[in-house]
Amino acid sequence: MNRPLRLSDVAGAAPSEGMSAFREVLERQQGGRPDPVDDAANWQPILARLGVTVAEGARIVQRAQLNGTTFQAELLASGDVPEEKVYREIANHLGLAFLPRLDASRLLVRSRDAVMLLRRRAWHAPVGLEGSGGQACFLISPEDVDLARLRGLLAGSPRLRERLRVVAPVELRRALLERATPAVAAYARNGLYERFPDFSARIIATPRQSVVIGASLAALFYAITFAPGATLVWAHAILSTFFMACVVLRFFAARTPLPVPPPDLIATPPSRLPGYTVLVALHREAEVLPQLLAALDRIVWPRSKLEVKLVCEADDRETLSALSELWLPPHVEVVRVPPGLPRTKPKALNHALPLVRTEFLVLYDAEDRPHPMQLVEAWRRFEAAGPRVACLQAPLEIANGAHGLLPNLFAFEYRALFRSLLPWLSGWRVVLPLGGTSNHFRTAPLREVGGWDPYNVTEDADLGIRLVRLGYRTDTISLPTLEDAPEELSVWLRQRTRWFKGWVQTWLVHMRDPVRLAIDLGWPSFLVAQVLMAGLVVSALVHPLLLLALGILLAQIVLAAPASGWPVVLLTVDAVNIVCGYLSFLLLGHYATRRHERGAFWRTVLWTPAYWMLLSAAAWRACLQLTRNPHLWEKTPHVRSRSTMPQKRPGIGLLVPSTLTRFVAVGRIRKY
C-alpha cells in the first residue's frame, strides 16, 4: 500500500455523493480569498472555545485585510493560540476525530511524493493513513476553507466523516518530513551531481585536467632546470598578468557610487507581498541563538506570509537542546539534517530546499542581523527586474570593526567588495561572486539550476556562476546585513583558507570546458570570472614571491649597478605590481568608506602589506589542503556580538496614521 493517494482514492473509499462537493470546498482558494469579516463570523463558535475575545478577533480581521490573507492564517500567525489547540477545536466543530500525533511509518505515501506534499502551501489533498485492520483513513489539515459549507457537507455524509481525521499542519509536516527524509537526504548529497555532473565539485579535477596540470608541472621543472633565466622572465610575465588584472579591476570599480536604498519602501502595501522563506544553517550555534531570533523578529514582513527554517544537523545536540529551551513563533520551523558526508553548509541547505513552499527565499548565517526592510527591498527589486534575475546579493557590513586590528582590516575589505566591486560588476551585467549569506533567490530558478553544491566549500561563488551559465542574472541591493569578523587570527586563517580553497574548486569545475564556459557566460563575464576566481588566488599566492623577487633584484642592482637589462625590467614590473596592488586596494576601500568610518584609514594603510601576507599564507594553506582534504569544511565559530545594530526605524516618526498602521501590520517591530 506504499503509494500516493489522491482525492479519487477517497472517492472510491467513501460515499460517492459528497466527494465532488468535498473537493470543491477543500480547493475553495481557486475562486479567490474569502472576506475576512465573513470568515470571522464562521469562526465565532471556535473562537469562543479558544478564548479569543471580540476585540482580539477584530484585530485579526484588520491584519487579514491589510495583509491580503485569511482570518485563519492571521489567527495561526499571531501565536496567541497554539496551532494544535486551534485544529482540535476545528475537528470538534466539524464533528471529526482529531489526531494529536502521527506515526510516520503508517502514512500511505511514498518518500518522493511526501516531498511534493511538503512543498504545498496548503493541505487541500487528503493524505492516507493506515488504520487498524488494514482499513485506511484520510488526514486533512483544513486551511482557508469555508467552515460552514464543510460542516454542512459532512453532516450529510456520515460515511465520509467516519473516514476523515483532522491533524495540525505542523504535525502532518513532521510526519511527512520523516517519511521523506531518505529522498531529501539523497537529493541534498547528490542532486546536483546527478543532474549536472559537469557542475559538481564532487570530483575536483577531471582526468583531462589532471593530465594538463601534471604536464604543466613537468614542463615547468624541465624549464627551470635547463633555462632558468628565460623561465624566470616568462613566469614573471604570466604571474604579473594575473596580478595586474586584479589591480585594473579594482581601479575601474573604485569610483562606484555608494548604494542608496529606495526612498519609498515603507509605502509598500503588505497585501501585495508574496510568501518568503528565511533559511539559516546552524551548527554548534547555541550561544548566538537568542541574538539570531531577535534579529529575525525585526524583519518587516507579514508573519502569515513568512517561513523561517532553522536547518540543524540531527546530531548537533548542543544547538537542538538550546532551541528546545526557546519559544519559537509559529512561522519558525526546525529542520533536522541526518548526519553524513559531506558535512557542509550547502548540503544542509539542500536538505531544506525541497521543503520551501514560497516563491522567494533568503539565506542568512547564524550571526547575521539583517536590516529590517531588506526583504521588502529585495522583493521590490525582483518585481522590477523581471524573471531572469534569479538572485540578489545584499551587502555585508562588519559590525565589530572597532574591536581590533584584524576586524578593522576585514571591515575595510568588505566595504570595498560589497559597496563598490559587486555593485560595479552588477551595473555592467557581468557575473559576480555571491557572498556566503544574505542571498535572496527566486525559489523556482534555484531548484532549476540544482541548488547548492554540497561538495564545494564556497558554494556561493559557484552558484553565482552557475546561475549565469544557465541563463539567469544576479544583481545587488542596498540594505545591509550586519555580521562580525573573526577577532582571532586562527579563526580568520581557517575561514580564509576555506574561501581560497573553494575559489580554486570553483575555477577547476567551471574550467573543465573553457570554450563552453566562454559561450555560456559571454566574453566579458568570462574574463571577469578568470580574474575573480583564478586572479585573486594567484595574486595572493605570488604576493610574497613578488616581494622576494623585488628584494633580490634590488640587491643585485645595488651591488652590480647594471645600466640596463632584464633585471631592471623585472624590477620595474614587480615594483609597479606591488605599488599598484596596494594602491588599488586602498582606493577601492577608501571610496567605499563613509566619512564617519574613515577614522582608522591610515592605520589600514600602514597594515595593508602585513594583511596581504596573511592572505598569502591562507592561499598557500588552501592549496595544500585542496590536495589532502578538498571537501573539509572548516567552520567559523560564532559568538554573540558585542556590537549593536545602528539602523533606525525608517521614517517611523514621520508616517501618517494610516501608513503607520500598514507598516506595523507588515511585521513585528521592536526597538533596536
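Hi everyone. Let me start with a definition: two strands count as paired if DSSP finds at least two bridges between them. Keep that in mind as we look at this structure, which is a predicted model.

Let's begin with strand β12, residues 439-442. What does it pair with? Strand β10, residues 389-393, is joined to β12 by three bridges, and the two run antiparallel. Within that pairing, Q393 has N439 of β12 as its bridge partner. Strand β8, residues 360-364, also runs antiparallel to β12, with four bridges joining them. Here L363 is the residue standing opposite N439.

Now, are the residues of β12 buried or exposed? N439 and F441 lie on one side, H440 and R442 on the other, and all of them are buried, so both faces of the strand are covered.

Next, please find the open sheet of three strands, in the order β9-β14-β11, where the pairing is mixed. Why is one side of β9 and of β11 left without a neighbour in the sheet? Because β9 (369-370) and β11 (396-398) stand at the edges, and each has a single partner strand. For β11, three bridges link it in the parallel sense to β14, residues 481-483.

Last, a helix. α10 covers residues 169-195, which is 27 residues. A straight helix at 1.5 Å a residue would reach 39 Å, but the end C-alpha atoms of α10 are only 32 Å apart. Where does α10 bend? Look at A180: the bend there is about 60°, and a proline, P182, follows within four residues.

Key: Residues numbered from 1 in each chain as written. Predicted model: local features only at pLDDT ≥ 70, side-chain atom pairs only at ≥ 80, totals over all residues. Heavy atoms only, no water. Buried < 20%, exposed > 50% of the residue type's maximum accessible area, 1.4 Å probe, protein only. Expected span 1.5 Å × (residues − 1). Bend = angle between axes of the 7 residues up to and from the residue.
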